[in-house]
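Please work through the exercises below with the sequence and the coordinates open beside you. Each task is followed by a solution that goes step by step.

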Amino acid sequence: MDRYPPQPSRRDVLRGALAAGASAALGAGLVSCGSRSDVARTADAGPWRQFQGATLNLISENTAPTAAIAAHTKPFTDLTGIEVRIVTLELSALVQRVALDLASGRAQYQVIYADPYQVLAPYQRGLVDLRSLQADPNLPDLPGGVGDFIPVQMDAAGRFADPEPFYALPYDAPTMIWQYRRDLFEKYHDRMAGDLGFDPTPGGDRTWEEYFRIARWFNENAASDVRYGTGHQARQHDSLMNDFSNVLWSYGGTYFDNGREVGRLGTRDPGPCRLDSDAAIAGAEFYNRLLSIADPASKTWDWDGVGAAFRAGRLAMCPNWHEFAASNETALPGRVGYAVLPRGPVATANMYGGTGVGISGNTLPHERGAAWLFLVWATSPETQLANLRSEAGGGTPTRTSVYEMPEVRAAERRPSPMPNMLTAAAVRQAWQPDRIGLRPKIPMWNECNTAIFTQLSRMLSGAESPRETMRSIKSRVDRIVARGWVA
Amino acid sequence: MSTSTTPPSPTPRPAVADEAAHGRAIAAAPRGEPQSPLESSSRRTRWLVTLLIVLAMLWTLVPLAWMLLSSFKNRVDVTASTPQVFFTPTLDNYRNLFRGPNNLAPYILHSVLAAGISALLAVFLGALAGYGLARTQMRGKRHLAFWIISTRMAPIAAIVVPLFLIFRGLGLIDSIPGLVLAYLTFNLPFAIWLMSAFFAEVPSSLEESALVSGCSRWQAFYLVILPLTKSGLVTTFILCLVFAWNDYAFAVVFSGPNSQTLPIAASQLVTQTGIDWGQLTAIGTIVVVPMMLAGLAVRRWLVTGLTLGAVTGE
């Protein structure tokens, strides 16, 4: 390069860089000087209008209840004068965003969708103990009190480690149940019963072994109606852990000692992993055998995949989340039945995947009050009923009182204006304390989960035997738990 | 180049025309006449190249065409187990995107503002800094240039947390300026590096002439050098725009209810109980089409820009 005057010298460059840096720092300093202010409170405006003019941000996973809430926030705004803005994200993105928000010391999101395993357990210290708001005389009470929430869901979705404080209110309640082609079970009932030697009608009396034999029967005898007897959400994903856990628990296996309590209330120190037990290995061996006769595409499906295959008429039955009922009824109206999952040699288990809504601990006092109003409204019986009716989707209620409403009871039968309620009989059984399947609620569950579904996927591909798989998961989970959790 | 079946050309022809004539000559060769190994090899190469081009086109165009087609399908056709090529088109997916609480219009506005402003700023600042880098002679210049581009080498995940804390302190979370700054953080080193290579291509004698003619350094830069690097400016702008327009990683962390962009809107269609493929492909089309049109509109400069600077070694 030719030299020519007047060329910027090294000194000029450094001087310019210094000036630019100083300007940026000054600008940043000025911007950050602005302090954060709480929302205004009008004390004499009544409990529901006292924070009018406030704006709340809710961060949630893209779920049916949130879609319904997002479509119907106007009644809340009319009631309180508070505007609600909702951000929906895929769960892993939500967890990342919530972790950053809680760590930053400022609440951009006052209301948080608190997944019990990925948000509540690891970040419980960043959430408000809602007892303080429930006891505040200036704030409205929870209609029906905490006791109106289905007890096992209140513990699983709202509490952590301690039975007293609660950090979230149960907000949705997807639960895995047996979904089957009712029309095909009716069509082949007598032949199947004759061939198999038992009544194949799905229900809590069936065993996993019988489920296996029914699936194989469909494979061999009903090719004109369905391609496979069963399909599963067995992709290398959270869904695989969910699908496998139903079998594991029903065979008497458990992730940790005292598994029901570790699932229901949670703990920071679950002790050694127990997946190397004979019962766990027997469960893994059965699951491996079951998947060997399932639709081979099962290994590529999560819950959406198996749900879509079922709706497309490819499968006679599958275990899946009960909130898929609404889309089943659209694709196969009147042709799908729902039952609790089969029992194993020791127990029966239906994986619960519900969540709660909580309040960020970084909120300022009046913001916190406004957020409480939203929680009370969003989980109220009236809102849960409106969600059931919503065309935008809607989940299923988490309150006992809603299931007792006459119109909700009536919707349990076809034709139903609330198709998710067609599963009510099955999920009511599934939510019994001895039937509900609760994965470990421990802060490091996310990592453990990854180890579990990764190794299970290797088992299904034939790279490891069930025994080796259970042992390798135990070894990895023990290492993860031993590292502990700091939040 | 000539063969026994084509007479020597009386005038020199461009290489491309010569190649074409060669191809025609081979094709016109009598069937019974034996071909030389060279001709046979040339034909095979030609077929192979054609095949590769066709495969490359299929690879790039089929997904786009499929996305476009799917965006006009109804819910049944889009999820049919047998792919439907012939169907009754519907605009429902596009209509639904602009209805209800998740109206797409604000997302489009946020994307246009964040991507557009950040790309303009990246080009403006990149041109100034790149010019300085290209023309300055100082010790450690190469180290400085490498340090600038090395900031682009870190994965986004590695810088997201510190940036989030800084942005939180500055009140930039959930704001368009915050997104602009985030994109600028990532695009500016790239813009500086790229523009520096373009400026290095321009002979410094041009500036000397301008300075001798009475221009100030700024005038020489603005009136003489910048117009000569138009293709570089366009290339840099488009590449920065495409990055910011398509970005999900920064947007998912730094945006909020007031600043969510199109990729976030697309991700919201992947829900716990299913994926709305019709609307997802409609958003995909809305995301892709403007960038394709922008690329086509400036393709002349883009092609020049992408090849210019390749030989300078800067």
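Predicted model: local features only at pLDDT ≥ 70, side-chain atom pairs only at ≥ 80, totals over all residues.

Residues are numbered from 1 along each chain as its sequence is written, and chains are lettered from A and ligands numbered from 1 in the order in which they are written.

**Exercise 1.** Determine the strand order of the open sheet of chain A and state which strands form its edges.

Solution. Start from the definitions: helices (H or I, at least four residues) and strands (E, at least two) are DSSP runs numbered from the N terminus, and two strands pair if DSSP finds at least two bridges between them. Next, list the pairings: β5(A) is joined to β7 (residues 315–321) of chain A by 5 bridges in the antiparallel sense, with Met176(A) opposite Trp321(A). β5(A) is also joined to β8 (residues 336–339) of chain A by 4 bridges, again antiparallel, and here Tyr180(A) has Gly337(A) as its bridge partner. β6(A) and β7(A), by contrast, pair in the parallel sense over 2 bridges, where Thr230(A) stands opposite Met317(A). The resulting order is β6-β7-β5-β8, an open sheet of 4 strands with mixed pairing, whose edge strands are β6 (228–230) and β8 of chain A. From one strand to the next the twist averages 25°.

**Exercise 2.** Decide whether strand β5 of chain A is enclosed or open, and say which helix lies across it.

Solution. A residue is called buried if 20 or more other C-beta atoms, placed from the backbone, lie within 10 Å of its own, exposed if 12 or fewer do, and partly exposed in between. By this count 6 of the 6 residues of β5 (residues 176–181) of chain A are buried, so the strand is largely enclosed by the rest of the structure. Taking the faces in turn, Met176(A), Trp178(A) and Tyr180(A) are buried on one side, and Ile177(A), Gln179(A) and Arg181(A) on the other. Helix α8 (residues 182–196) of chain A lies across β5, β7 and β8 of chain A and runs at about 60° to β5(A).

**Exercise 3.** Classify the packing of helices α11 and α14 of chain B by the angle of their axes.

Solution. Axes are lines fitted to C-alpha atoms, for helices over the stretch in contact, and angles run from 0 to 180 degrees between N-to-C directions. Helices α11 (residues 230–246) and α14 (residues 277–297) of chain B pack at about 175°, with axes 11 Å apart. Angles under 35 degrees count as roughly parallel, over 145 as roughly antiparallel, 65 to 115 as roughly perpendicular and the rest as oblique; α11(B) and α14(B) are therefore roughly antiparallel. In contact (C-beta atoms, placed from the backbone, within 7 Å), Ile238(B), Leu241(B), Val242(B) and Trp245(B) meet Met291(B), Ala294(B) and Gly295(B).

**Exercise 4.** State how many residues each domain of a chain gives to its domain contact, for chain A and then for chain B.

Solution. The bounds come from an automatic or database domain assignment, which gives chain A domain 1 (43–173 + 354–404) and domain 2 (176–349 + 432–483). The contact takes 15 residues from domain 1 of chain A and 16 residues from domain 2 of chain A. For chain B, divided into domain 1 (15–87) and domain 2 (95–307), the contact takes 9 residues from domain 1 and 7 residues from domain 2.

Notes. Contact = placed C-beta atoms within 7 Å.
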